Amino acid sequence: MVKETMVSVERVKAAINLEVPDRVPVIPLIMQFALQYQNVPQAEAYRNPLRARQALTDTFDALGRYDAVIGANLLWPRSSWRTSAAPTRMRFPGKSGVPEDVPIQAIEQEIMTVGDYDTIISKGWNGFCQEFLPRVNGRPLEKVDALQKLILQISLEDARAWEERGVWVLGGATTWSPVMILSICRTLTQFTLDLHRRPDTVEAVIQAMVPDMIQNVIDDIAATGNPWVFFPLERGSAFYYPVRIFERFEFPYLKRMVDSFAGQGFMTILHFDTDWTLNLPYLKQLPKAKCICQLDGTTNMFNAKEVIGDHMCLMGDVPASLLTLGTIEEVIAYCEKLIDVVGKGGGFILSTGCECPVDAKFENVKAMIDTARNHLPAG
């Protein structure tokens with residue numbers, strides 16, 4: 001085992017600041033896997049947050065403890081009904097005929113119409129959501145707000161429980177880009193048609209959304225006291241669209257949001273799903289050492305090191321397939337390669353590629369954690 005000279009918070013901060021820590025920090029994204037490992041049915045975890053938290057902390061201990069957790073429990077906190085993410089319809093385990101032990105699933109349905117664009121342009125994102133959320137949720141705005149405040153209180157208790165154990169929680173708010181929200185609410189197909197049929201309208205909608213979305217994150221972090229923004233991104237990448245679409249509809253607003261968060265003293269975890277290879281050079285325009293680039297096993301991590309490794313901490317990228325189907329030796333070999341290449345010179349956090357799969361092998365996940373503790377970058 002590497003001789004440790006830093007505590008976890010110091011180690012993570014060094015990586016973020018593009019410095020060389022005593023060893024590479026390791027922060028897997030683990031939620032559903034912990035429930036499976038602890039034999040807690042998915043539905044029970046949503047009904048009983050205390051049991052879910054216990055499953056997460058017990059798994060954390062069983063894996064040998066890692067350097068921080070991304071999110072304190074299964075649900076992300078918001079300070080009110082005001083959201084900076086998509087009000088997506090979900091299939092919850094144990095409800096509407098869904099089996100008790102099936103992970104939560106998003107339902108991609110066209111819940112936003114072309115006519116809703118005019119409302120967003122005229123009223124802003126929050127003004128639109130005042131009538132949109134009751135329509136989508138089937139309950140009055142007051143009940144939506146009460147539920148979010150209840151989730152907030154539970155989340156604060158969860159965060160305190162982690163902090164009492166000496167574990168850093170990276171997650172005080174979450175947000176999506178406008179492209180991600182519109183794509184989910186319109187569906188990928190319909191939103192793609194909108195980009196080509198009515199691009200000026202879509203651009204006006206995005207411009208109307210961003211100020212409220214930024215303020216909502218600021219309000220959420222004021223409520224949680226946790227200056228970390230988790231920012232999932234997927235549908236604006238070159239995996240889906242030509243770079244010219246990214247340049248017009250995604251990056252200017254992504255940059256505006258991250259710049260605003262950095263100006264508030266927040267740290268942003270940019271959680272990049274899908275292949276962002278062609279988009280990586282643009283990230284050098286974001287504030288240096290003020291956000292983390294978390295990759296999901298699709299974007300080439302070693303190329304990312306060459307392109308933005310001197311500007312932004314990289315996080316990832318042990319693939320789901322390797323954790324589920326690979327051998328311990330294969331996991332160790334890949335993690336050592338990541339540490340040797342991406343971890344050289346600092347600015348790297350070892351992690352799962354997106355979330356740890358629910359059916360990962362425990363011994364493989366533990367091998368990932370242990371390799372961070374046992375292996376220093378070559379040279």
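Predicted model: local features only at pLDDT ≥ 70, side-chain atom pairs only at ≥ 80, totals over all residues.
View 1. Helices are DSSP runs of H or I with at least four residues, strands are runs of E with at least two, and both are numbered from the N terminus. The buried residues of helix 8 (residues 188–197) are Phe191, Asp194 and Leu195. Residues are numbered from 1 along each chain as its sequence is written, and side-chain values use heavy atoms, with hydrogens and water left out.

**View 2. Aspartate 194 and arginine 198 form a salt bridge.** A salt bridge here is a side-chain nitrogen of Lys or Arg within 4 Å of a carboxyl oxygen of Asp or Glu. In this pair the closest N and O atoms are 2.6 Å apart. Aspartate 194 counts as buried, at 1% relative accessibility, and arginine 198 counts as partly exposed, at 27%. The structure holds 25 salt bridges.

**View 3. Aspartate 200 and arginine 248 form a salt bridge.** Their closest N and O atoms are 2.7 Å apart. Aspartate 200 is in helix 9 (residues 199–224) and arginine 248 is in helix 10 (residues 243–263), so the pair ties together parts that are 48 residues apart in sequence. Aspartate 200 is exposed, with a relative accessible area of 54%, and arginine 248 is partly exposed, with 28%.

**View 4. Glutamate 44 and arginine 47 form a salt bridge within helix 3.** The closest N and O atoms of this pair are 3.4 Å apart. Both residues lie in helix 3 (residues 42–47), where they are 3 residues apart, about one turn of the helix. An α-helix has 3.6 residues a turn, so residues three or four places apart point the same way. Glutamate 44 counts as buried, with a relative accessibility of 17%.

**View 5. Glycine 236 is buried in a loop.** The loop runs between strand 4 (228–233) and helix 10. The relative accessible area of glycine 236 is 3%. Leaving out residues up to four places away in sequence, glycine 236 touches (heavy atoms within 4.5 Å) Val179, Tyr241, Phe246, Glu250, Trp276 and Asn279. The C-alpha atoms of glycine 236 and threonine 274 are 9.6 Å apart, although 38 residues separate the two along the chain.

**View 6. Glutamine 148 is a buried residue of helix 6.** Helix 6 covers residues 141–164. The relative accessibility of glutamine 148 is 10%. Apart from neighbours within four places in sequence, glutamine 148 is in contact with Arg78, Ser80 and Trp81.

Terms used:
Buried < 20%, exposed > 50% of the residue type's maximum accessible area, 1.4 Å probe, protein only.
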